[in-house]
Amino acid sequence: MVYRIYTGRREGFGAQAQALLEEWREQLHITGITGLELLNRYDVEGIDEALLAQCVPTVFSEPQTDVIYDALPAAAAIFATEYLPGQFDQRADSCAQCIQIVSGGQKPLVRSARVFLLSGSVSEAALAAIKKHVINPVESREASLSLPQTLQMTVAAPKTVATLSGFLALEDGGLEALLREYALAMDLDDLRFCQAYFKTERRDPTVTELRVIDTYWSDHCRHTTFLTHLDQVEIEDPRVKASYERYLELRRTLGRDKKPNTLMELATQAMRYLKHTGQLKRLDESEEINACTVTMDLEIDGKTQPWLLLFKNETHNHPTEIEPFGGAATCIGGAIRDPLSGRGYVYQAMRVTGAADPTVPPENTIPGKLPQRKLVTAAAQGYSSYGNQIGLATGLVEELYHPGYAAKRMEIGAVTAAVPQAQVRREAPRPGDQIILLGGRTGRDGCGGATGSSKSHTVDSLETCGAEVQKGNAPEERKLQRLFRNPKASGMIKRCNDFGAGGVSVAIGELAEGVRINLDCVPKKYEGLDGTE
């Protein structure tokens, strides 16, 4: 049986609804609506009435601020929104966990939705404009108001992984069609290279193999753009030109002038020179591919202890552009993951972003993009939500406004972490070692995240790239932080790596030269995922 309840705010606590109504009036020029009430709707399956009654004032609501409804109140217009199937719903997941804690039994199924109750004069045009404003098709849709018979997802058995028959014989036209059909991030030259390799194996690749290569070669994972050869450089600013010439001089000093001149060389040359001259004595180096780490001595209770200081920054320009709340939330979440996998505890952060003018009317938005005001406000809410849930202080927040950011937003999160050196083992994995996959469960949200952030985007990106945005799970990452602060737990780890947009296909290569994986053992949010996903 499916139970349904609604929770709304008591009078005097509806600030969010009032702010949204003012937003509609200011941005959408809608004046006929006199009131708005927001309700949270919960559908629950797998519990009895007694447990539901026990959870209503403890899990679903706060009696001091909330009102409970068994049925929808009357209104001039009513509509509801929900996450798309396959998108992670943190509100529903948190409720299910809390109900399980209360009952001590099985975790129930929970679905949530947001219900909008409008009063006043609501025309069809105004209602359509409001729905377009609040529903981002990348992540959500309008929800049915009827009660479902079950919350169980209908799952089709995954098909056998397809082999790309005829791949070896494709000419350039066929390869270009393949790039479009599978929305690959690699270019034609990359695909030609893959074809030449599989010709040596005398077989066509599977879709999975091609997607793994596409993920590993994506700009997100391999920084392909930074490896572009710079064969001609023209600089007008004399100060920048002098700095560039100094860089070329250091290349000659280090004997690297025979190597291709790339942006990656430019970015790392100062570090190479400082290391060459013995000025990076505190740099902590290992085979782990995590956050930059330096050693330091701290005085604690009058005793000097060796510690590790870790720092990392992450850009989430693409995800935040198409789904601002989730994109900005996983920007800070992703930045935390690297020092966390280095066993460090993240204790402070900063956020630097770039946007176009957020006061421009929504009707002047570039086709295929979200309004700048929506990007600015929702991204700030997403970053703040994740930071507050995980308990991370952000000491610097700055947003830069420039017309150039209308093409794509800039979203940067940076963090600093620390850990006693005694809690960190760094050993090479050996045959027979066990690998533990720890953290949030895998779903379709985030599939293609690495390659998605490496593609050129079109007016269709909002509709086609939604699954590429990961949905962060701050409470789960907070649990990992607490676990890794336990010396007994962290002391058991030989090597650790974070598991981000590249998924299994990238994480394995950063753990060991070869890993045997049983994909059936990967914890999933729901059934129906195939091996490629």
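Is Pro238 buried or exposed? Pro238 counts as exposed, at 60% relative accessibility. Here, exposed means over 50% relative accessible area, buried means under 20%, and partly exposed lies in between (1.4 Å probe, protein chains only).

This is a predicted model: local features need pLDDT of at least 70, side-chain atom pairs count only at pLDDT 80 or more, and totals for chains, interfaces and linings use all residues. Residues are numbered from 1 along each chain as its sequence is written, and side-chain values use heavy atoms, with hydrogens and water left out.

Pro238 lies in helix α9. Helices (H or I, at least four residues) and strands (E, at least two) are DSSP runs, numbered from the N terminus. From Pro238 to Ser385 the C-alpha distance is 44 Å, and the two are 147 residues apart in sequence.

Arg482 belongs to helix α16. Arg482 is exposed, at a relative accessible area of 59%. Its C-alpha atom is separated by 33 Å from that of Val138, 344 residues apart along the chain.

**A nonpolar patch**

Phe226, Leu263 and Leu266 make a nonpolar surface patch of about 230 Å². Patches are made of residues with over 30% relative accessible area and no salt bridge; like charges are joined within 9 Å, nonpolar side chains (Val, Leu, Ile, Met, Phe, Trp, Tyr) within 5 Å. Accessible areas come from the Shrake-Rupley method with a 1.4 Å probe; for residues, only the protein chains shown count as cover. Phe226 sits in the loop between α8 (219-222) and α9 (238-253). Phe226 is partly exposed, with a relative accessible area of 38%.

**Salt bridges**

How many salt bridges does the structure hold? There are 32 salt bridges. Each is a side-chain nitrogen of Lys or Arg within 4 Å of a carboxyl oxygen of Asp or Glu. The table includes three of these pairs.

| Pair | Closest N to O |
|---|---|
| Arg246 and Glu249 | 3.4 Å |
| Lys479 and Glu476 | 3.4 Å |

Arg192 is partly exposed at 33% relative accessible area. Asp172 is partly exposed too, at 35%.

Arg246 and Glu249 are three residues apart in helix α9, so about one helical turn separates them. Arg246 has a relative accessible area of 40% and is partly exposed. Glu249 counts as partly exposed at 39%.

Lys479 and Glu476 share helix α16 (residues 474-484), three residues apart, about one turn of the helix. Lys479 counts as partly exposed, at 42% relative accessibility. Elsewhere, salt bridges that share partners join Asp284, Glu288, Arg343 and Arg426 into one network.

**Aromatic rings**

The whole structure contains five aromatic pairs. Rings of Phe, Tyr and Trp (its six-membered ring) pair if their centres lie within 6.5 Å; planes under 30 degrees apart count as stacked, over 60 as edge-to-face and the rest as tilted. One of the pairs is Tyr42 with Phe60: the centres are 5.0 Å apart and the planes stand at 55°, so the pair is tilted. Tyr42 is in strand β2 (residues 33-45) and Phe60 in helix α2 (residues 49-60), so the pair links distant parts of the chain, 18 residues apart. Tyr42 is buried at 3% relative accessibility. Phe60 is buried as well, at 3%.

Charges also sit over rings. The test is NZ of Lys or CZ of Arg within 6 Å of the ring centre and within 35 degrees of the ring normal. The charged end of Arg246 sits over the ring of Tyr273, 5.6 Å from its centre. Arg485 lies over the face of Tyr345, at 4.1 Å from the ring centre.

Why is strand β11 (residues 410-420) largely enclosed by the rest of the structure? Nine of its eleven residues are buried. Two strands pair if DSSP finds at least two bridges between them. Strand β8 (residues 303-315) pairs antiparallel with β11 over nine bridges. Phe311 has Thr416 as its bridge partner in β11. Strand β9 (residues 345-355) also runs antiparallel to β11, joined by nine bridges. Here Tyr345 is bridged to Ala418 of β11.
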